[in-house]
Amino acid sequence: MDFSKAADRRHTNSIKWDSTAIENISSNPDAEPFWVADMDFPTDPHIAETGRKVAETGIYGYPSFPLLTAKASEWQRKKHGWDVPAEDISFAMGLLHGIASCMDLFTQKGDTILVPTPAYRPFREITENQGRVMVDHELGYDHATASFYLDRERFRKDAEKSKCILFCSPHNPSGIVFSEEELRFVLETAKELGILVISDEIHSDLVHPGKKHIPMNKVNETIGADCITLFAPSKTFNIAGEHSAFVVFSSEEMRDTFRKREHAMRLDEPSIVIGELASSAYEHGLEYNNELCAYLGDNVRKIDEFLKASNSGMKMVNAEASFVAFLDCIDVYDKVKAEVEAHPEKYTGGKGGGILSRFFGVNASVAVNDGTWFGDQWGRFVRFNYGTSIDRVLGGLTRMTEALKAL
Ligand SMILES: Cc1ncc(COP(=O)(O)O)c(C=O)c1O
């Protein structure tokens with residue numbers, strides 16, 4: 001694969017490239033998008049070929065995918081060394097749907113849900129929309145090394161107040177790949193306190209070289225907490241528009257309850273597009289995936305080098321996985337805030353963003369997610385999507401650092 005040729009996706013019904021959505025976060029409809037978590041790379045050619053063949057039949061009747069979970073099982077075995085039988089894997093219509101359904105089934109209204117923050121905003125929305133209460137567990141952050149970490153003592157205290165832990169592993173947007181020891185700690189804490197762990201592992205196939213992802217339910221095999229792991233081919237193969245995910249439960253009882261509910265809601269059958277693309281991805285995608293992980297790891301190294309050399313006061317957090325990561329703007333935040341507050345007329349139309357995202361939208365023509373999207377206290381960061389060609393990445397960062405230096 002040649003990942004250096006990322007596509008311009010304007011006018012393709014992509015939310016990431018939609019000018020109204022871009023203006024809403026950045027005050028500039030023409031800003032170049034580095035926000036929503038999908039990549040600008042074409043998917044694996046095998047998957048694209050599958051999509052083409054399906055389209056060419058011209059007949060899109062009811063499908064049947066009896067082997068889909070077997071393919072998901074085989075993927076987990078070859079990618080993560082996890083022997084999870086196909087019959088233990090359940091289909092869900094997207095990862096967030098899977099989380100929402102599990103939270104609804106296995107927690108009660110009014111229950112407290114521990115969410116490590118900065119957190120992908122839908123975690124808060126799902127929790128609160130269902131009448132649960134989010135326990136905002138701040139990850140530790142070391143500004144000197146630009147690294148997030150799990151602060152075990154505080155985690156334990158917050159877990160004691162909670163009925164459920166909504167975990168994200170690897171973590172979006174901090175970029176942490178948790179070690180086996182850390183995962184054991186989370187599970188042992190949950191077991192001791194009798195609380196449920198839900199682990200969102202949508203970014204797990206995009207761990208950069210040198211790090212290893214370990215599925216939560218694999219670690220749980222020797223611990224026995226109540227635990228649910230969700231994974232998906234969507235981020236991995238840049239097919240997030242198809243909305244599919246897979247769910248593994250620590251007990252047959254939870255699994256059967258989930259399946260019964262999904263069936264009752266008529267949500268347990270993949271559509272023809274989902275089934276075809278997900279099957280093809282898990283069957284053929286390993287080589288593409290290995291090349292992509294190496295490219296993304298390289299992008300992080302180059303971003304880090306570029307920002308260090310720029311002396312702009314902005315730095316890359318220590319991202320170990322995925323293609324979205326926080327940029328630390330702590331040292332420049334006060335200056336940016338003063339500029340945005342002094343010239344409100346320049347920053348109109350960015351109601352869905354924050355101080356930093358509007359500043360970069362207007363002055364660098366770059367659309368990033370403001371840190372406040374991940375929790376009010378994270379406003380001195382932005383999330384930057386580097387799942388695109390390194391030329392685009394460095395072009396965007398050049399404009400961002402120049403805008404900061406012009407302050
Ligand atoms: C941590 C995390 N979970 C879930 C999702 C969305 O999953 P889906 O589109 O399958 O609902 C995302 C997308 O960015 C994500 O980052």
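Author: A residue is near a molecule or strand if its C-beta atom, placed from the backbone, lies within 6 Å of it. With that cut-off, 14 residues surround the ligand, and the closest are Ala-37, Gly-94, Leu-95, Leu-96 and Asn-172. By class, this shell holds 9 nonpolar, 4 polar and 1 charged residues, where Ala, Val, Leu, Ile, Met, Phe, Trp, Tyr, Cys and Pro count as nonpolar, Asp, Glu, Lys and Arg as charged, and the others, Gly among them, as polar. The model is predicted, and local features need a pLDDT of at least 70 while side-chain atom pairs count only at pLDDT 80 or more, although totals for chains, interfaces and linings use all residues. Residues are numbered from 1 along each chain as its sequence is written.

The protein is divided into domain 1 (19-43 + 287-405) and domain 2 (61-284), with bounds that come from an automatic or database domain assignment. The C-alpha centres of domain 1 and domain 2 lie 26 Å apart, and 31 residues of domain 1 are in contact with 31 residues of domain 2, contact being counted when two C-beta atoms, placed from the backbone, lie within 7 Å. At least two residues each of the side of domain 1 that touches domain 2 come from helix 11 (286-310), strand 11 and strand 12; these elements are DSSP runs numbered from the N terminus, helices being H or I with at least four residues and strands E with at least two. Helix 11 gives the most to that side of domain 1, with 6 residues, and the whole side has 19 nonpolar, 7 polar and 5 charged residues.

The largest nonpolar core, with 123 residues, brings both domains together: because domain 1 and domain 2 both give residues to this core, it lies between them. Such a core is a set of buried Ala, Val, Leu, Ile, Met, Phe, Trp, Tyr and Cys residues joined through C-beta atoms within 7 Å; a residue is buried if 20 or more other C-beta atoms lie within 10 Å of its own, exposed if 12 or fewer, and partly exposed in between, with C-beta atoms placed from the backbone. Ile-165, Val-197, Ile-198 and Phe-246 have the most contacts inside the core. Leaving aside neighbours within four places in sequence, Ile-165 is in contact with Leu-114, Ala-159, Val-186, Ala-190, Ile-195 and Val-197.

Strand 12 and strand 15 (residues 381-385) pair in the antiparallel sense over 5 bridges; Phe-381 in strand 15 is the bridge partner of Asp-328, and Val-324 stands opposite Asn-385. Strand 14 and strand 15 pair over 2 bridges, likewise antiparallel, and Asp-370 has Val-382 of strand 15 as its bridge partner. Both faces of strand 15 are covered, with Phe-381, Arg-383 and Asn-385 buried on one side and Val-382 and Phe-384 buried on the other.

Some backbone details deserve a careful look as well. Most residues other than glycine have a negative phi, and most peptide bonds are trans. Ser-322, in the loop between strand 11 (315-316) and strand 12 (324-328), has a positive phi of about 75° although it is not a glycine, and Ser-322 is buried, with 27 other C-beta atoms within 10 Å. Arg-266 also has a positive phi, of about 55°, but it is exposed, with 8 other C-beta atoms within 10 Å, in the loop between helix 9 (252-264) and helix 10 (272-284). The peptide bond from Thr-117 to Pro-118 is cis, with omega near 10°, and a cis bond also joins Ser-169 and Pro-170, with omega about -10°. Pro-170 lies in the loop between strand 7 (164-168) and helix 7 (180-193).

Technical notes. Pairing = 2+ DSSP bridges.
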